[in-house]
Amino acid sequence: MGRSTAGAVLAWHLARQGKRVLVLDLDLESPGLSSALLPPGRAPELGVVDWFVEDAVGQGDYVLDRMLSRTPLADTLAGDIWLAPACGARPRNYLAKLGRCFLDLPPADDARFLPWFERLGQLVHQLEKRQKPDVVILDARAGLSDLASVVLTDLDAEVFLFALDTEATWAGYAILFDHWKETQAVNALRERLSIVAALVPETERSDYLERFREPSWDLFREYTYDEIVPEKEDTSSWGAFTFDLQDQAAPHWPLVIYWNRGFASLGDLCSLEPTLVEAAFGAYLRAMDERLFLTGEEG
(Lines give C-alpha, C1' and ligand atoms only; values in the text may rest on other atoms or scores of the structure.)
Protein backbone atom coordinates (compact mmCIF):
# COMPACT_ATOMS: atom_id res chain seq x y z
CA MET A 1 0.00 0.00 0.00
CA GLY A 2 3.02 2.30 -0.02
CA ARG A 3 3.29 2.56 3.76
CA SER A 4 7.10 2.58 3.84
CA THR A 5 7.24 5.11 1.00
CA ALA A 6 4.85 7.37 2.90
CA GLY A 7 7.05 7.09 5.98
CA ALA A 8 10.12 8.09 3.98
CA VAL A 9 8.32 11.03 2.38
CA LEU A 10 7.06 12.18 5.78
CA ALA A 11 10.63 12.05 7.15
CA TRP A 12 11.81 14.12 4.16
CA HIS A 13 8.98 16.61 4.66
CA LEU A 14 9.79 17.07 8.34
CA ALA A 15 13.52 17.40 7.68
CA ARG A 16 12.75 20.15 5.15
CA GLN A 17 11.15 22.00 8.05
CA GLY A 18 14.39 21.67 10.03
CA LYS A 19 13.25 18.73 12.16
CA ARG A 20 15.59 15.99 13.32
CA VAL A 21 13.88 12.70 12.45
CA LEU A 22 14.59 9.18 13.66
CA VAL A 23 13.11 6.32 11.61
CA LEU A 24 12.93 2.71 12.80
CA ASP A 25 12.24 -0.06 10.30
CA LEU A 26 10.15 -2.43 12.41
CA ASP A 27 8.74 -4.41 9.50
CA LEU A 28 11.18 -7.14 10.47
CA GLU A 29 9.69 -9.88 8.32
CA SER A 30 9.72 -7.79 5.14
CA PRO A 31 12.14 -4.88 5.57
CA GLY A 32 11.88 -2.43 2.68
CA LEU A 33 12.35 1.03 4.12
CA SER A 34 16.02 0.37 4.83
CA SER A 35 17.00 -0.36 1.24
CA ALA A 36 14.85 2.51 -0.04
CA LEU A 37 16.57 5.09 2.16
CA LEU A 38 20.12 3.71 2.33
CA PRO A 39 22.04 3.12 -0.90
CA PRO A 40 24.68 0.36 -1.05
CA GLY A 41 27.57 1.16 1.22
CA ARG A 42 25.56 3.40 3.57
CA ALA A 43 23.90 0.75 5.74
CA PRO A 44 25.12 0.50 9.34
CA GLU A 45 26.88 -2.59 10.56
CA LEU A 46 23.93 -3.88 12.61
CA GLY A 47 20.16 -3.47 12.84
CA VAL A 48 17.10 -3.80 15.05
CA VAL A 49 17.15 -7.61 14.93
CA ASP A 50 20.78 -7.65 16.07
CA TRP A 51 19.89 -5.42 19.03
CA PHE A 52 17.24 -7.86 20.24
CA VAL A 53 19.66 -10.78 20.02
CA GLU A 54 22.52 -9.00 21.75
CA ASP A 55 20.32 -7.32 24.36
CA ALA A 56 19.20 -10.78 25.47
CA VAL A 57 22.78 -11.45 26.62
CA GLY A 58 23.37 -8.01 28.07
CA GLN A 59 25.15 -6.45 25.09
CA GLY A 60 22.46 -4.14 23.75
CA ASP A 61 24.62 -1.04 24.25
CA TYR A 62 27.23 -2.53 21.92
CA VAL A 63 24.66 -2.59 19.11
CA LEU A 64 23.15 0.85 19.71
CA ASP A 65 26.22 2.67 18.44
CA ARG A 66 26.40 0.46 15.35
CA MET A 67 22.78 0.41 14.16
CA LEU A 68 22.19 3.96 12.95
CA SER A 69 22.98 5.56 9.62
CA ARG A 70 22.20 8.99 8.20
CA THR A 71 20.26 8.77 4.95
CA PRO A 72 21.44 10.87 1.97
CA LEU A 73 17.81 11.93 1.54
CA ALA A 74 18.62 14.64 4.10
CA ASP A 75 21.85 15.85 2.48
CA THR A 76 20.35 19.07 1.14
CA LEU A 77 17.73 19.65 3.83
CA ALA A 78 17.67 21.92 6.85
CA GLY A 79 17.01 19.01 9.22
CA ASP A 80 18.32 15.48 9.51
CA ILE A 81 17.11 11.89 9.03
CA TRP A 82 18.65 8.92 10.83
CA LEU A 83 17.55 5.36 10.18
CA ALA A 84 17.74 2.23 12.32
CA PRO A 85 17.25 -0.56 9.75
CA ALA A 86 15.76 -3.96 10.43
CA CYS A 87 19.06 -5.60 9.51
CA GLY A 88 22.56 -4.25 9.05
CA ALA A 89 25.07 -4.40 6.24
CA ARG A 90 25.89 -8.01 7.02
CA PRO A 91 22.53 -9.81 7.43
CA ARG A 92 24.03 -13.19 8.27
CA ASN A 93 21.68 -15.70 9.90
CA TYR A 94 18.87 -13.16 9.71
CA LEU A 95 16.05 -15.69 9.90
CA ALA A 96 17.57 -17.40 12.92
CA LYS A 97 17.99 -14.03 14.64
CA LEU A 98 14.43 -13.06 13.75
CA GLY A 99 13.13 -16.09 15.60
CA ARG A 100 14.93 -14.93 18.74
CA CYS A 101 13.59 -11.36 18.63
CA PHE A 102 10.39 -12.10 20.48
CA LEU A 103 11.91 -13.83 23.48
CA ASP A 104 10.96 -12.71 26.97
CA LEU A 105 13.99 -12.47 29.22
CA PRO A 106 13.86 -14.63 32.36
CA PRO A 107 14.32 -12.77 35.63
CA ALA A 108 17.85 -12.37 36.88
CA ASP A 109 18.77 -12.31 40.57
CA ASP A 110 18.48 -8.54 40.69
CA ALA A 111 15.87 -7.93 38.00
CA ARG A 112 12.23 -8.71 37.34
CA PHE A 113 10.85 -10.64 34.37
CA LEU A 114 11.17 -8.46 31.28
CA PRO A 115 8.63 -9.09 28.48
CA TRP A 116 9.95 -8.53 24.98
CA PHE A 117 7.53 -5.68 24.29
CA GLU A 118 9.08 -3.72 27.13
CA ARG A 119 12.45 -4.40 25.56
CA LEU A 120 11.18 -2.79 22.35
CA GLY A 121 10.12 0.24 24.34
CA GLN A 122 13.59 0.37 25.88
CA LEU A 123 15.18 0.27 22.42
CA VAL A 124 13.09 3.19 21.21
CA HIS A 125 13.80 5.24 24.32
CA GLN A 126 17.53 4.52 24.24
CA LEU A 127 17.76 5.60 20.60
CA GLU A 128 15.76 8.72 21.43
CA LYS A 129 18.18 9.51 24.24
CA ARG A 130 21.13 9.21 21.86
CA GLN A 131 19.65 11.00 18.86
CA LYS A 132 17.36 13.52 20.57
CA PRO A 133 14.95 13.58 17.59
CA ASP A 134 12.02 15.93 17.20
CA VAL A 135 9.95 13.14 15.65
CA VAL A 136 10.24 9.34 15.66
CA ILE A 137 8.66 7.36 12.81
CA LEU A 138 8.03 3.64 13.35
CA ASP A 139 7.37 1.63 10.19
CA ALA A 140 5.49 -1.46 11.33
CA ARG A 141 3.12 -3.74 9.51
CA ALA A 142 -0.42 -3.48 10.84
CA GLY A 143 -2.02 -6.72 11.93
CA LEU A 144 -2.43 -9.18 14.76
CA SER A 145 1.27 -9.99 15.03
CA ASP A 146 3.05 -9.43 18.33
CA LEU A 147 5.18 -6.65 16.90
CA ALA A 148 2.29 -4.70 15.42
CA SER A 149 0.26 -5.06 18.60
CA VAL A 150 3.09 -3.70 20.73
CA VAL A 151 3.75 -0.74 18.45
CA LEU A 152 0.08 0.15 18.50
CA THR A 153 -0.82 -0.45 22.13
CA ASP A 154 2.33 -0.09 24.23
CA LEU A 155 4.35 2.76 22.72
CA ASP A 156 1.67 5.47 22.94
CA ALA A 157 2.32 6.52 19.34
CA GLU A 158 0.03 8.18 16.84
CA VAL A 159 -1.22 5.37 14.59
CA PHE A 160 -1.89 5.73 10.86
CA LEU A 161 -3.67 2.76 9.28
CA PHE A 162 -3.16 2.42 5.53
CA ALA A 163 -6.07 1.08 3.52
CA LEU A 164 -7.32 0.39 0.01
CA ASP A 165 -11.04 0.36 -0.72
CA THR A 166 -11.28 -3.40 -1.12
CA GLU A 167 -13.32 -6.05 0.68
CA ALA A 168 -10.10 -7.77 1.78
CA THR A 169 -8.82 -4.57 3.41
CA TRP A 170 -11.99 -3.88 5.38
CA ALA A 171 -12.41 -7.53 6.38
CA GLY A 172 -8.84 -7.60 7.68
CA TYR A 173 -9.26 -4.41 9.66
CA ALA A 174 -12.55 -5.69 11.10
CA ILE A 175 -10.65 -8.66 12.56
CA LEU A 176 -8.02 -6.32 14.01
CA PHE A 177 -10.54 -3.86 15.47
CA ASP A 178 -12.62 -6.69 16.90
CA HIS A 179 -9.48 -8.02 18.61
CA TRP A 180 -8.81 -4.59 20.13
CA LYS A 181 -12.42 -4.35 21.34
CA GLU A 182 -12.37 -7.87 22.77
CA THR A 183 -9.14 -7.23 24.67
CA GLN A 184 -10.41 -3.80 25.81
CA ALA A 185 -7.49 -2.04 24.14
CA VAL A 186 -9.68 0.04 21.87
CA ASN A 187 -10.47 2.81 24.37
CA ALA A 188 -6.77 3.53 24.88
CA LEU A 189 -6.16 3.44 21.12
CA ARG A 190 -9.10 5.12 19.48
CA GLU A 191 -8.03 8.74 19.92
CA ARG A 192 -4.64 7.94 18.37
CA LEU A 193 -6.01 6.24 15.24
CA SER A 194 -6.26 7.76 11.77
CA ILE A 195 -7.06 6.04 8.49
CA VAL A 196 -5.06 6.69 5.32
CA ALA A 197 -6.55 6.20 1.85
CA ALA A 198 -3.47 4.91 0.05
CA LEU A 199 -2.79 4.90 -3.68
CA VAL A 200 -6.00 6.71 -4.63
CA PRO A 201 -6.37 6.17 -8.40
CA GLU A 202 -5.78 8.85 -11.01
CA THR A 203 -9.36 8.88 -12.30
CA GLU A 204 -12.70 9.47 -10.54
CA ARG A 205 -10.94 10.33 -7.30
CA SER A 206 -13.92 12.05 -5.68
CA ASP A 207 -16.14 9.03 -6.31
CA TYR A 208 -13.45 6.69 -4.98
CA LEU A 209 -13.01 8.66 -1.75
CA GLU A 210 -16.77 8.92 -1.24
CA ARG A 211 -17.01 5.13 -1.54
CA PHE A 212 -13.98 4.74 0.76
CA ARG A 213 -15.52 6.78 3.58
CA GLU A 214 -18.60 4.56 3.93
CA PRO A 215 -16.84 1.32 5.03
CA SER A 216 -14.28 3.35 6.98
CA TRP A 217 -17.09 4.97 8.98
CA ASP A 218 -18.80 1.60 9.45
CA LEU A 219 -15.55 0.15 10.81
CA PHE A 220 -14.90 2.91 13.34
CA ARG A 221 -18.57 3.24 14.29
CA GLU A 222 -18.87 -0.48 14.98
CA TYR A 223 -15.73 -0.90 17.05
CA THR A 224 -14.47 2.45 18.38
CA TYR A 225 -17.21 5.08 18.50
CA ASP A 226 -19.57 5.42 21.45
CA GLU A 227 -23.17 4.46 20.84
CA ILE A 228 -25.47 7.33 19.88
CA VAL A 229 -27.99 8.07 22.62
CA PRO A 230 -31.62 9.11 22.00
CA GLU A 231 -31.91 12.69 20.77
CA LYS A 232 -34.08 13.82 23.66
CA GLU A 233 -31.37 13.09 26.20
CA ASP A 234 -28.89 15.81 27.12
CA THR A 235 -25.49 14.59 25.92
CA SER A 236 -23.58 17.84 26.40
CA SER A 237 -21.73 16.50 29.43
CA TRP A 238 -21.04 13.03 28.08
CA GLY A 239 -17.96 13.84 26.06
CA ALA A 240 -19.02 11.01 23.76
CA PHE A 241 -16.45 9.77 21.26
CA THR A 242 -18.60 9.57 18.14
CA PHE A 243 -18.62 11.21 14.71
CA ASP A 244 -20.92 11.67 11.74
CA LEU A 245 -20.07 10.23 8.35
CA GLN A 246 -19.19 13.67 6.96
CA ASP A 247 -17.12 14.86 9.94
CA GLN A 248 -13.71 15.72 8.48
CA ALA A 249 -12.10 15.78 11.94
CA ALA A 250 -13.06 12.15 12.58
CA PRO A 251 -10.59 9.23 12.62
CA HIS A 252 -12.54 7.54 9.82
CA TRP A 253 -12.12 10.55 7.50
CA PRO A 254 -9.09 9.53 5.47
CA LEU A 255 -5.79 11.25 4.97
CA VAL A 256 -5.25 10.96 1.22
CA ILE A 257 -2.28 9.75 -0.82
CA TYR A 258 -2.71 9.83 -4.60
CA TRP A 259 -1.17 7.32 -6.95
CA ASN A 260 1.15 9.24 -9.24
CA ARG A 261 2.72 7.83 -12.37
CA GLY A 262 5.92 9.86 -12.06
CA PHE A 263 6.41 9.04 -8.39
CA ALA A 264 5.72 5.36 -8.97
CA SER A 265 8.58 5.24 -11.47
CA LEU A 266 11.22 6.34 -8.95
CA GLY A 267 13.91 3.74 -8.45
CA ASP A 268 14.77 4.74 -4.90
CA LEU A 269 13.91 7.39 -2.34
CA CYS A 270 17.36 8.85 -1.72
CA SER A 271 16.39 11.99 -3.61
CA LEU A 272 12.89 13.36 -4.03
CA GLU A 273 11.48 15.86 -6.51
CA PRO A 274 9.21 18.34 -4.65
CA THR A 275 6.80 18.58 -7.61
CA LEU A 276 6.20 14.83 -7.60
CA VAL A 277 5.89 14.75 -3.82
CA GLU A 278 3.26 17.48 -3.93
CA ALA A 279 1.26 15.67 -6.61
CA ALA A 280 1.14 12.40 -4.68
CA PHE A 281 1.54 13.38 -1.03
CA GLY A 282 0.69 17.07 -0.73
CA ALA A 283 -2.71 16.62 0.90
CA TYR A 284 -1.36 13.85 3.16
CA LEU A 285 1.58 15.92 4.40
CA ARG A 286 -0.53 18.97 5.17
CA ALA A 287 -2.93 16.78 7.13
CA MET A 288 -0.01 15.20 8.99
CA ASP A 289 1.26 18.63 9.99
CA GLU A 290 -2.13 19.34 11.54
CA ARG A 291 -2.49 15.94 13.21
CA LEU A 292 1.00 16.05 14.69
CA PHE A 293 0.78 19.73 15.66
CA LEU A 294 3.94 20.46 13.70
CA THR A 295 2.82 23.73 12.15
CA GLY A 296 3.86 27.07 13.58
CA GLU A 297 6.76 28.01 15.82
CA GLU A 298 5.88 25.67 18.68
CA GLY A 299 6.36 22.55 16.51
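This is a predicted model: local features need pLDDT of at least 70, side-chain atom pairs count only at pLDDT 80 or more; totals for chains, interfaces and linings use all residues.
Among contacts between residues at least 6 apart in sequence, 72% join residues at least 24 apart. The protein has 12 helices and seven strands, and buried residues make up 48% of its 299 residues.

Let's start at helix H1, which covers residues 3–16. The buried set is Ser4, Ala6, Gly7, Ala8, Val9, Leu10, Ala11, Trp12, His13, Leu14 and Ala15. Just after H1 comes glycine 18, with a positive phi of about 90 degrees.

From there, follow the chain to strand E1, residues 20–25. E1 belongs to an open sheet of four strands, in the order E2-E3-E1-E4, with mixed pairing. Strand E2 (69–70) and strand E4 (135–139) are at the edges of this sheet; each has a single partner strand, so one side of each is left without a neighbour in the sheet. E1 and E4 run parallel and are joined by five bridges. To find your place between them, look for valine 23, which stands opposite isoleucine 137 in E4.

Now look for the helix that lies across this sheet. Helix H6 (residues 116–131) lies across E1, strand E3 (80–84) and E4, and runs at about 150 degrees to E1. H6 has 16 residues and reaches 23 Å from its first C-alpha to its last, close to the 22 Å expected at 1.5 Å a residue. Which residues of H6 are buried? They are Trp116, Arg119, Leu120, Gly121, Leu123, Val124, Leu127 and Gln131. A general point about helices is handy when reading such a list: an α-helix has 3.6 residues a turn, so residues three or four places apart point the same way.

H6 is followed by lysine 132, whose place is in the loop between H6 and E4. Lysine 132 has a positive phi of about 50 degrees although it is not a glycine. Is this residue buried or exposed? Lysine 132 is exposed, with a relative accessible area of 61%. Further along, glutamine 184 also is not a glycine and has a positive phi, of about 60 degrees. Glutamine 184 is found in the loop between H8 and helix H9 (186–189), and it is exposed, with a relative accessible area of 70%.

Next, the aromatic rings. A search of the whole structure finds 13 aromatic pairs. One of them is formed by tryptophan 51 and phenylalanine 52, in an edge-to-face arrangement with 5.2 Å from centre to centre and 80 degrees between the planes. Both partners are buried: tryptophan 51 has a relative accessible area of 0%, and phenylalanine 52 has one of 1%. Phenylalanine 177 and tryptophan 180 form another aromatic pair, this one tilted, at 5.1 Å centre to centre with 40 degrees between the planes.

Ring pairs link Tyr173, Phe177, Trp180, Phe220, Tyr223, Tyr225, Phe241 and Phe243 into a cluster. If you colour these residues in your viewer, you can trace the cluster from ring to ring.

Finally, look at two places where an arginine meets a tryptophan ring. Arginine 213 lies over the face of tryptophan 253, at 4.2 Å from the ring centre. The charged end of arginine 221 sits over the ring of tryptophan 217, and here the distance to the ring centre is 4.2 Å.

Definitions and conventions
Residues are numbered from 1 along each chain as its sequence is written. Side-chain values use heavy atoms; hydrogens and water are left out. Two strands pair if DSSP finds at least two bridges between them. Helices (H or I, at least four residues) and strands (E, at least two) are DSSP runs, numbered from the N terminus. Contact means heavy atoms within 4.5 Å. Axes are lines fitted to C-alpha atoms, for helices over the stretch in contact, and angles run from 0 to 180 degrees between N-to-C directions. The expected span of a helix is 1.5 Å times one less than its number of residues. Buried means under 20% relative accessible area, exposed over 50%, partly exposed in between (1.4 Å probe, protein chains only). Rings of Phe, Tyr and Trp (its six-membered ring) pair if their centres lie within 6.5 Å; planes under 30 degrees apart count as stacked, over 60 as edge-to-face and the rest as tilted. A charge sits over a ring if NZ of Lys or CZ of Arg is within 6 Å of the ring centre and within 35 degrees of the ring normal.
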